[in-house]
Amino acid sequence: MDSPNRTRLLNIYTDVDADLHLTGCVQQRMGFVLNKSFRICDAKGNEKPELTELFEVPWFKRFMELSLQSIFYGHSLIELGKVAETEGKLSYSYVNLIPRTHVIPEYGVIVTHENDTWQTGYDYRHSDMAEWCIEAGGTHDLGLYLKCAQQTIPKKNMCAFWDMFGEVFGMPLRVATTTSRDPKEYDRIERMLRDMGAAAYGLFPEGTTVDLKESTRADAFNVYDKRIDRCNSELSKGILTVTMTMEDGASLSQSQVHRQMLENLIQKDADFIRDLVNWQLIPRMIRHGFPLKGFRFSWDESVDYTPEQQVAYERMLLERYEVDPQYFIEKYNMPLVKGKERETAQREKQKLARPKEGHAFFD
């Protein structure tokens, strides 16, 4: 395409993103990745805690969020703010998304106005901006919302049609007939019909009859609700590749299969973030003065235990090995003492409790 422009498409994406079911699917998929633990380690895999702390800051969470959004919106250009020092540690003052309607990734330029051609734009790949911009997603990537639009648009229409159906057939039709020929009486009857609401009444002239026509249409649920359910299930498949994490399931075995499929998808997104940080973010951070040379970003894949599993695990260790009390002191923030120190403390308490010689408890 000679003059690519995504403005109209992104305007559609704004409506697509307003769908509540789709929002829940997207937030669930992104939330699993955003809540994963990570670490900064050297080439041998040894963690450097003080460097990990450089990434445990709001700007990096914002960076991951914007990067994950590129999966749904397509190509996203992320801007890094100025380097600032906070409590002796370097950080970026902000991380922003450059408006997608002003970015033409096919030619690597930023335009001033949405409808400008790429020839009038500013090159962000081969200029000083390259050190402060990170591209997430492919240059021709239009995102998953392109496919989701095929379901959110008819779903929005079906909801509107259902509202219209409820307006037309949901309430009985009020019909009044009169033998009067006076136009004033017509107006009076019309006004009373129009104002008939909760606890309403009407004083009609002689010869007037009022009839309420009940609707016999009962298939609205199957027509509209079923179509909306189908849209929701298709959206779940498109975003999560499964349906049972967002909708009712049939059996435990099926839910476990769906859970495994979702975990594979989460791992794919996590790999996307890891590669983006290691190949684009960290090299820029090094050039900006961050002490990260020779280190890389990785996810902490250690097993997370439930409270019951953790208790069983620690009991097994205590039964078979000598465990340093410092482990429990740091983990549970409790003033524990070692075995010998505990025995010494107990003997001291016994001495304090023992009466002095020559003095009985009861004189």
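These are my notebook entries on a few things I looked up in this predicted model.

**Ground rules.** The model is predicted, so I kept in mind that local features need pLDDT of at least 70 and side-chain atom pairs count only at pLDDT 80 or more, while totals for chains, interfaces and linings use all residues. Residues are numbered from 1 along each chain as its sequence is written, and side-chain values use heavy atoms, with hydrogens and water left out.

**Whole chain.** I found 11 helices and 12 strands; these are DSSP runs numbered from the N terminus (helices are H or I, at least four residues; strands are E, at least two). Of the 363 residues, 32% count as buried, meaning under 20% relative accessible area, with exposed over 50% and partly exposed in between (1.4 Å probe, protein chains only). I also checked contacts (heavy atoms within 4.5 Å). Among those between residues at least 6 apart in sequence, 65% join residues at least 24 apart.

**Helix 4.** This one covers residues 58-73. I got 22 Å from the first C-alpha to the last for its 16 residues, close to the 22 Å expected at 1.5 Å a residue (the expected span is 1.5 Å times one less than the number of residues). Helix 4 is largely enclosed by the rest of the structure, because 12 of its 16 residues are buried. Among them are Trp59, Phe60, Phe63 and Tyr73.

**Ser70.** Is Ser70 buried or exposed? It has 1% relative accessibility, so I put it down as buried. Leaving out residues up to four places away in sequence, Ser70 touches Ser76, Ala136, Gly137, Asp141 and Phe272.

**Helix 2 and helix 7.** Next I looked at helix 2 (residues 20-34) and helix 7 (residues 220-240), whose axes come within 9 Å and cross at roughly 20°. Axes here are lines fitted to C-alpha atoms, for helices over the stretch in contact, and angles run from 0 to 180 degrees between N-to-C directions. That makes the two helices roughly parallel (angles under 35 degrees; over 145 is roughly antiparallel, 65 to 115 roughly perpendicular, the rest oblique).

Last, I traced an open antiparallel sheet of 3 strands in the order 6-7-8. Strand 6 (103-104) and strand 8 (122-123) are the edges, each pairing on one side only. Strands pair if DSSP finds at least two bridges between them. Strand 7 (residues 109-110) is joined to strand 8 by 2 bridges, and Val109 has Asp123 as its bridge partner in strand 8.
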